[in-house]
Every structure is written in C-alpha cells, then in structure tokens.
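Open the structure in your viewer and keep the selection tool ready. Each stop below tells you what to pick and what is there.

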Amino acid sequence: MTLFRPDPTFYPSPRMAMDAPPEKVGYVATLNYGGAPKPDALAVVDLDPASKGYGEIIHRLEMPYIGDELHHYGWNCCSSALCPAAPHPHQERRYLIVPGLRSSRIYIIDTKPDPARPTISKIIEPEELMEMSGYSRPHTVHCGPDAIYVSALASANGKGSGGIFMMDHFNFNVLGPWEEDRGAQDLSYDFWWHFTHDVMITSEWGKPAQFENGLILDDLINSRYGKNLHFWDLRRRKNVQTVSFGNDYQLVFEVRPAHEPNKTYGFVCVVLGLKDLSSSIWMWHRESSGSWGITKVIDIPAEPADAKLLPPPLQGFGAVPPLVTDIDLSLDDRFLYVSCWGTGELLQYDVSDPFHPRQTGSIKLGGIVRRMAHPKSGPLLGGPQMVEISRDGRRVYFTNSLYGIVDDQFYPDKMSGWMAKVDVDPNGGIALDGNFFVDFGETRAHQVRLEGGDASTDTFCYPS
C-alpha cells in the first residue's frame, strides 16, 4: 500500500542508520533437507534481550511446497527509496522477497501487521518467472530505488547464462531481464552496486549442473567454476569490464561494496585457491585510468589435518580449507567479518585502510575437524556461514548451512541447523554470546534478515 510518508526504517546515510533502534526479531531461511519430506520455512527468532523468549524461535512460516531450497532473500525496498532518482519515495519496508534456489519459485512474505508472525502474500510460480525473465534459480535480492533486482544462476532451461531480472515494487510482477549487453559474463552469483557512481558488480558460481548434485571435484581442479568479477554501467545496463582472478582461484562469491556512497571500493571472497586450498579476500578499486582493478588483501591458509578425520572430497589433501563462503561489512565500513565454514571460525578484520586489513577478532565454532561446541551445545557440525551485522555494528549473527547437498559433501555426518551470535567491541574484538544459541534441529539454517534492515541490505545515497 502506498503511504504518504517515508518509512521510518529508511535512512539517508549509513551513519544515521547506525543510530537506529536495535532489532527485536530476525528472520531465518530454514531448509528441510535429507530428513522427512517437509517444506522449507521462514523462522522468526526473538532478538530482544529484554524478552523472555530471547534467542528462541517464536514462529515458523512453512511454505506450501516441498523442495524449494530457500537460500538468499531480501526486502522489497530499503533506504535506496530516498535516493534522488527514486521514482517511488513513499514505499515501506514490509515484504520479504524469498526465492527458492532449487524450485525457482518466489514467495512474497508480508511482515505486517505483526512482524513476529509474517504471512505469505503472493507466490510467483517458476513458469511465470522463466517466461517473463528468461532466467531460473533466483539467488540474491536487492532493493533498488526503481525496482527489485534479483540475480539468477541460469537461463530458463538451466543451461544458459545467468543474470539479473527486475520485479515491480508494488505488485511484484516480474518485469524482465535487466541486461542489455552482458559482454563476457556467463556465470552468475552475487551482485551489488556503487549506486551513486552508476556501477554494478556481479560475481560467479557455476551452472546448475555444477552444483545441484554437489560440487564436482573435476570441475574444481580444472578451473571450470567462477573466477571473474564483472563491472557494469548500471544506467546503460552494459558490462563494461570483466576482471579475472586467474585459473588458480575458484568460486568468486559474496560482493560487499563500501556503504559510504562516495567510496568506490569493496570486497569479494574467493572460496578456494587451487594451489594450497586457501581462501582469500580481494578488494576492487577504481584506478586513475577509470578502469577497475583487484588486489588480494587477505589470505587465509588451510589447516593441516589427519586424512582419517576428513570427508571424502578432502582426504587426498590432508588439510581443511577455510572455505570462506560469506563476508559482511559493517555500516561504518570499518569491520569486515569473514566466515570460515570449513575450519569453523569467524574472523573480524579492521578494514579502515582497505588495502591493509588488520585481524582484530576471532571465535571458533564447529568446523570439519574441530567441531568446536558452543556453551549451550555439544560438538557442532557446520561452521560460521551466512553472516549478518546489526545496523549499529554491535551484534553479529551467523548460521551454519551453505547449501543442502554441499553441506553433506563436507559434513557427511548430517549436520543440524544452528544460529549463534557474537558481541562486538567498538574498538575491535568479538566475543561469543554464551547465552544465545538457536537449535533448529534437523532443519538447516541459512540467511538471516533483521527487522528494520541490516548491513547487507540497504543502499545509501547521502554521505554520513
């Protein structure tokens, strides 16, 4: 419904968003995989420390179909609605756009009138998505000032190039594919933008045949997964530059641009280095020539391990790779959080000088070999995976599932789902909250979204 006042959860600048009230509930995409045939669900978790139900699941919204594989999702609109070019400044942050990565179905979930008990408002069936957009396997959702942008990992038949399609802000109809000229781009995964500079950045995973039945070791070794970053003219919808990380780097995943709208740099994680199983964090930056460059700024080595303790894909290597599969940047662009899903560690880096990050914090939880327990759990399978930071930067939440069938490749003992939290020292450093641990049981937990917005959702158009 159109309102005649801006949503109070929209903020002109990152600094103003950091002064917002703390979140009271969080939404977690949960996946029923490998157990009883049940639908996936959106779980609502109480995040209010003053509540009796703090750290508990207070509601589950089950989807009507089985096998969606809920994965990444986002809000229908956000602070980008305040950007000068926004044609719809009177929207409200009300609906969650929740795609099924395996089914290509999209759920529109209404978080009002009761944020603790959301409901399904609309379902976009896969046939409609494929016909209108030409794409399938929807993945990342970002709220733009003019529409909702969604990346997709493949063409409608599952074999061709992935890309980005757009949805209407108000009726959620699929409008069509975004690209006018994709240039060298073929594989697709994450995306975000430097909005005030009219630049979009997209990353790469693989085609459905390369991940829907699990990662293919032969494709990894032979560099057939994503290894490029693409820069696009956002307004003209054209790929203007493709930068390759080289054949030694595979799986170019999460894209996190600086939040301040006058900055033109950001970070992206590369899951696997083929020479030594390391993970790495790279920075993209605009060069004096106007083109884009990339610089590796963090290297995270693999850890030696007894082959007997490793899952089959790793037994020949005698080491646990970090498998950095998510990163997140605080709204003040100071702290970068890095989830090492393989070794079971969440790292904090001070990236005030983005070319020279300093590690300032670490906690260990789970891990392929370590299986580090939380104070409220036994030994844990999985490790920190999807990371979400509160707007004020004081709390970081994380879950442990990557993608159902890939979970089983690296954690074949059948992980259960869990969510944990660290508290952040504003001067640097993180500490595990020993009282916050959400046990999802057989249901696995993936992306977290916070009531009112978070650090991987909003786009700001005015400097702090």
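Start with the largest nonpolar core, which has 48 residues. A nonpolar core is a set of buried Ala, Val, Leu, Ile, Met, Phe, Trp, Tyr and Cys residues joined through side-chain atoms within 4.5 Å. Buried means under 20% relative accessible area, exposed over 50%, and partly exposed in between (1.4 Å probe, protein chains only). Select Trp-205, Phe-267, Ile-281, Leu-336, Val-338 and Phe-410: these touch the most other members. Now colour strand S17 (residues 265–273), which gives this core its largest share, five residues. Strands are DSSP runs (E, at least two residues), numbered from the N terminus. Apart from this core lies another, of 27 residues, including Val-199, Tyr-249, Trp-282 and Trp-284.

This is a predicted model: local features need pLDDT of at least 70, side-chain atom pairs count only at pLDDT 80 or more, and totals for chains, interfaces and linings use all residues. Residues are numbered from 1 along each chain as its sequence is written, and side-chain values use heavy atoms, with hydrogens and water left out.

Next, zoom in on Leu-336. Which residues does Leu-336 touch, not counting those up to four places away in sequence? Among them are Phe-267, Ile-281, Ile-298, Tyr-349 and Val-351. Contact means heavy atoms within 4.5 Å.

Move to Phe-172. Look in the loop between strand S10 (163–167) and strand S11 (174–177). Is Phe-172 buried or exposed? Phe-172 is buried, because its relative accessible area is 4%. Leaving out residues up to four places away in sequence, its contacts include Asn-76, Tyr-95, Ile-108 and Lys-122. Phe-172 and Lys-376 are 41 Å apart in space, C-alpha to C-alpha, and 204 residues apart in sequence.

Then select Arg-137, in strand S8 (residues 135–143). Arg-137 counts as buried because its relative accessibility is 14%. Its side chain makes a polar contact with the side chain of Ser-136, at 3.0 Å. A polar contact is a pair of N or O atoms within 3.5 Å; within protein, one must be able to donate a hydrogen and the other to accept it, and residues adjacent in sequence count only if both atoms are side-chain atoms. Beyond four places in sequence, Arg-137 is in contact with residues including Leu-101, Pro-208 and Glu-212.

Finish at an open sheet of four strands, in the order S3-S2-S1-S30, with antiparallel pairing. Two strands pair if DSSP finds at least two bridges between them. The edge strands are S3 (57–62) and S30 (444–450). Six bridges join S1 (residues 25–31) to S2 (residues 41–46). Click Val-28: opposite stands Ala-43 in S2.
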